[in-house]
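Hi,

Here is the structure I promised to pass on. Have a look at it first, and then read my notes below.

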Amino acid sequence: MTAPITTASGTRSAARGGGSGTEVRRRRRVQHPWSIVAFVAPFAALFVLFYLVPIGVAIWQSLLVVEREGTFGEAREVFGGLQQYVLVFQNEAFWTSVGRVLLFGIVQVPVMLGLALLFALLLDSPLIRGKKFFRLAFFAPYAVPGVIAAIMWGFLYSPNLSPFEALTSRVDLLSADFVLWAIANVVTWVFVGYNMLIIYSTLLAIPQEIYEAARIDGAGQARIAWSIKIPLVRPALVLTAVLSIIGTLQLLAEPQTFRSFSSAVTSTYTPNMTIYATSSIPNVSLAAAFSVVLALATFVLSFAFLRFTRRAGADS
Amino acid sequence: MSTSIEPDATSAMAAVNPRGIGRGGDTHPGAGRARGPRESLLSRSGAMLVMAIFTLYFLVPIWWLLVASTKSRGQLFSTNPLWFADFQLFQNIGALFAYRDGVYLKWILNSLLYAGLGAVVATVLAGMCGYALAKYRFPGRETIFNIVLGGVLVPATALALPLFLLFSRAQLTDTFWAVFLPSVVSPFGVYLSRVFAEASVPEELLEASRLDGASELRTFFTVSIRLMFPALITVFLFQFVTIWNNFFLPLIMLRSEELFPVTFGLYAWNSTINQFPELRTFVLVGSLLSIVPLIVTFLLLQRYWRTGLGSGAIK
């Protein structure tokens, strides 16, 4: 970061200011305990109930198996240890769907962030006019929910409705070969503007003086962007990349909606679609195990990416 | 504008600039930006060309939706997709609202209730909690904050199935509460409120209010909440969008049509479009109308999200 960074604790001690002797003594007794409870308890209770408890329930459910007495006997849920996880690792459809979203992410995330970075840099350069208009126009798709965006593009891809008939009559964008990239286009269309704004507001926070020396040395806009601006927005890029990786693994609304446009999108097309399909069989224990594995994979992947970029950053 | 605050546990997350949030984002810190060496005509027109092409990419689909919504079913296929034929928008809207006793209007109301009310409740709860974490010292404070930060990283879709398992144990699936209650929890809101309260609510003001005999809660709702307003608007906006776009939760929880939020209702119609082609016009007009509330909200609260996005980047 360019600005001097104060840590939260630093700010706190600065705010407290002098008289540290009395502070130490006073700290032992919490002031306004009941007010604190009144402030924190409502959120804390709901957080426990709708974040922590469900995660616990899912992990517990993933350890259960259904047992029947005879073929037509009553089904009972009994503890089955890690049996569901064995099934998860044997489940080909699930791993195919994981591979599919990884492929999707490897292509779509760099394209989307590359475009977002390009637009942010252009907005921040003196090269263009009408910045306010472009900013709004590029951000507008973010106001379109994923389902609605998928419906719109689904129609645009359909040969008989599309305004781009010249293209859609020649290439079937909804066929098995292309539909993954057709969906990637929908996701890109929705999120480029959002990521652009995150990067752009980071650029706005950079003080202008930094560019002075480069300008005096005669560096052009491209040079300034490459050597000064991009290194400075690195944290924002890493952040948007992690968020996009998480989003990619969780892909659901767009492909699920595309099922009515393309028969190539199966009910187990992405991991979350597999989870939904499994839970509506209903095989909730296996679905819960899928969920746990997917959540772990998401965490591992985003932390691995953070580590990787941090190391790469330290080297340069 | 120079103090960035990096909370202890979040070195991985972007530094936040809390004072930047409410600042009307239009004025650029260096107004002299356009000076400097003259940029060549070639690079200027090249840049404008790129922006113009992508403006088409971003806006043509929305334009197409607008045009398609004004057409009758026959003309949808037979006329130029990007230009108006007979203008039937209002007839189409009327037919949509009348279809199946106005189920579409019911969906819009549901969405406004889920997203509007849900986001208000979420913002107040998160604001209170974040404020307490910033302004009071008590044991367990950092632990609570770190757990909440972990919650920020959990995507909403990852919680849908676990929530379904929980609600089905309580036999509460397919109710209003199954979608509403999980939406009022916003860990991101707590995070942003804490960072913002730390920077923008001065200790002296609280002491003054205490000397006047005001209770802590009263001080929060009369004094502090005003100072935190820009952050709270950002939290509200993010939560509103998150709930409005939420798909997995209604998909897995709801069976009764009268409880659907509008995006999910349109999804349901769209999935049966091959059997009921007459639904096509309704899906198109319904999609157009359903993005209006979001666009209105964004435009009304523009000056907050424009800068708030940068600081709220951890979403």
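Let me start with one helix. The face of H10(A) that is turned away from its buried side carries Glu209(A) and Ile216(A), which are exposed (over 50% relative accessible area; buried is under 20%, partly exposed in between, with a 1.4 Å probe and protein chains only). Helices here are DSSP runs of H or I with at least four residues, strands are runs of E with at least two, and both are numbered from the N terminus.

Before I go on, a word on the ground rules. This is a predicted model, where local features need pLDDT of at least 70 and side-chain atom pairs count only at pLDDT 80 or more, while totals for chains, interfaces and linings use all residues. Residues are numbered from 1 along each chain as its sequence is written, chains are lettered from A and ligands numbered from 1 in the order in which they are written, and side-chain values use heavy atoms, leaving out hydrogens and water.

Back to H10(A), residues 209-216: its buried residues are Tyr211(A), Ala214(A) and Arg215(A). They sit on the same side of H10(A) because they cover an arc of only 100° around the axis (taken from the directions from the helix axis to the C-beta atoms). The buried residues of this helix pack against helix H5 (92-124) and helix H11 (221-232) of chain A. Just after H10(A), Gly218(A) has a positive phi of about 85°.

Next, Tyr269(A). You'll find it in the loop between helix H13 (253-258) and helix H14 (271-279) of chain A, and it is buried, at 6% relative accessible area. Leaving out residues up to four places away in sequence, Tyr269(A) has contacts (heavy atoms within 4.5 Å) that include Ser97(A), Arg100(A) and Ile183(A). Val98(A) is 171 residues from Tyr269(A) in sequence, yet their C-alpha atoms are 8.8 Å apart.

The largest nonpolar core has 194 residues, and among those with the most contacts inside it are Phe155(A), Trp189(A) and Tyr131(B). Such a core is a set of buried Ala, Val, Leu, Ile, Met, Phe, Trp, Tyr and Cys residues joined through side-chain atoms within 4.5 Å. Its largest share, 18 residues, comes from helix H9 (residues 179-204) of chain A.

Finally, confidence: chain A has a mean pLDDT (the predictor's confidence in each residue, from 0 to 100) of 87, with 91% of its residues at 70 or more. Over residues 1-25 of chain A, pLDDT stays under 50. Where pLDDT is low, the predicted coordinates should not be read in detail.

Cheers
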